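The following note comments on one structural model, point by point. Please read it alongside the sequence and coordinates displayed below.

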Amino acid sequence: MEQTLKITNVLADPTRYYIYQHIVNNHGDVSVQEIADSFNIHPNVARLHLSKLEDIDMLTSNSRKTGKGGRPSRLYRLSDKVIQLHFPYRNFQLLAKIAVQSMMTLGEQGKQALYETGKVFGEELINQQLALNSTSIDRLSFAEKVNMLKNAATIAGLSPEIQASEEENKISFRIFNCPFKEVTEVEPGTICSMHNSFLKGMFEALFENVTIVEKENMMSNCEACSYQASVLT
């Protein structure tokens, strides 16, 4: 409860909250000066906000030499620690681990059921977006489908970055946040495959024919999970 109060107190400051959101969307390190410039505040004020976020483990920092002499620059990035706010406390992470381990006791059938369920949830996420926009797949252009894919991935907490080429019918899809990361210790390969099925469900709900190839994986110490999708419109 004490940590929860600290988090809510720190994020109660609007500037600090938006600074945190800025770092979430930045997908990388930020410096004190970058934050000061982005929010039109003095570097000392920016440093104070960043330090407050680091104190509650929402950010982490390290010093890096600039190559220009002088003091090393301190860079801030998102912490790997999971921040959860529940009143009262609920351990959904433990429930997820129990559910996954239960599926694994069923062997290959359990794995397939996990993959198929992940794919269904991916499809449902896109269908929810279609319902909210009161439209159908047939009426969407390639660019609109890509935008809907990004919106759905953002809602799912994937912190996505997408580059698409309609001429080549290719989509480069990067994920900077894995919502299943803390559960991967149970069955790393299985959870990643389930996540890939989840993404496949999203893509196939928008594009009739799609092939997705994984290029990078966070579990291999990559900055993000990245995929190359080839689609037929």
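1. By class, the residues lining the largest cavity comprise seven nonpolar, four polar and one charged. Here Ala, Val, Leu, Ile, Met, Phe, Trp, Tyr, Cys and Pro count as nonpolar, Asp, Glu, Lys and Arg as charged, and the others, Gly among them, as polar. The model is predicted, so local features need pLDDT of at least 70 and side-chain atom pairs count only at pLDDT 80 or more, while totals for chains, interfaces and linings use all residues. Residues are numbered from 1 along each chain as its sequence is written, and side-chain values use heavy atoms, with hydrogens and water left out.

2. A search of the whole structure returns one cavity of 30 Å³ or more, and the largest cavity holds about 70 Å³ of space. On a 1 Å grid over the protein atoms alone, a cavity is a set of points where a 1.4 Å probe fits but cannot get out, and lining residues have an atom within 4 Å of a point. Grid points are joined across faces, edges and corners, and the volume is the space filled by probe spheres set on the points.

3. The lining includes Cys178, His195, Glu214, Met218 and Tyr227. Helix 8 (188-206) and strand 7 (225-232) are the elements giving two or more residues to this lining, and helix 8 provides the largest share, four residues. Helices (H or I, at least four residues) and strands (E, at least two) are DSSP runs, numbered from the N terminus.

4. Leu199 lies in helix 8 and counts as buried because its relative accessibility is 2%; buried means under 20% relative accessible area, exposed over 50%, partly exposed in between (1.4 Å probe, protein chains only). Leaving aside neighbours within four places in sequence, Leu199 contacts Leu158, Phe173, Ile175, Ile212 and Tyr227, contact meaning heavy atoms within 4.5 Å.

5. Strand 7 pairs in the antiparallel sense with strand 5 (residues 170-175) over six bridges and with strand 6 (residues 209-216) over seven bridges. Two strands pair if DSSP finds at least two bridges between them. Cys225 in strand 7 is the bridge partner of Ile175.

6. The structure holds four aromatic pairs. Rings of Phe, Tyr and Trp (its six-membered ring) pair if their centres lie within 6.5 Å; planes under 30 degrees apart count as stacked, over 60 as edge-to-face and the rest as tilted. Tyr17 and Tyr18 form an edge-to-face pair, 5.5 Å centre to centre with 75 degrees between the planes.

Key:
1 Å grid on protein atoms, 1.4 Å probe; cavity = no way out; pocket = protein on both sides within 12 Å on 5 of 7 lines; lining within 4 Å.
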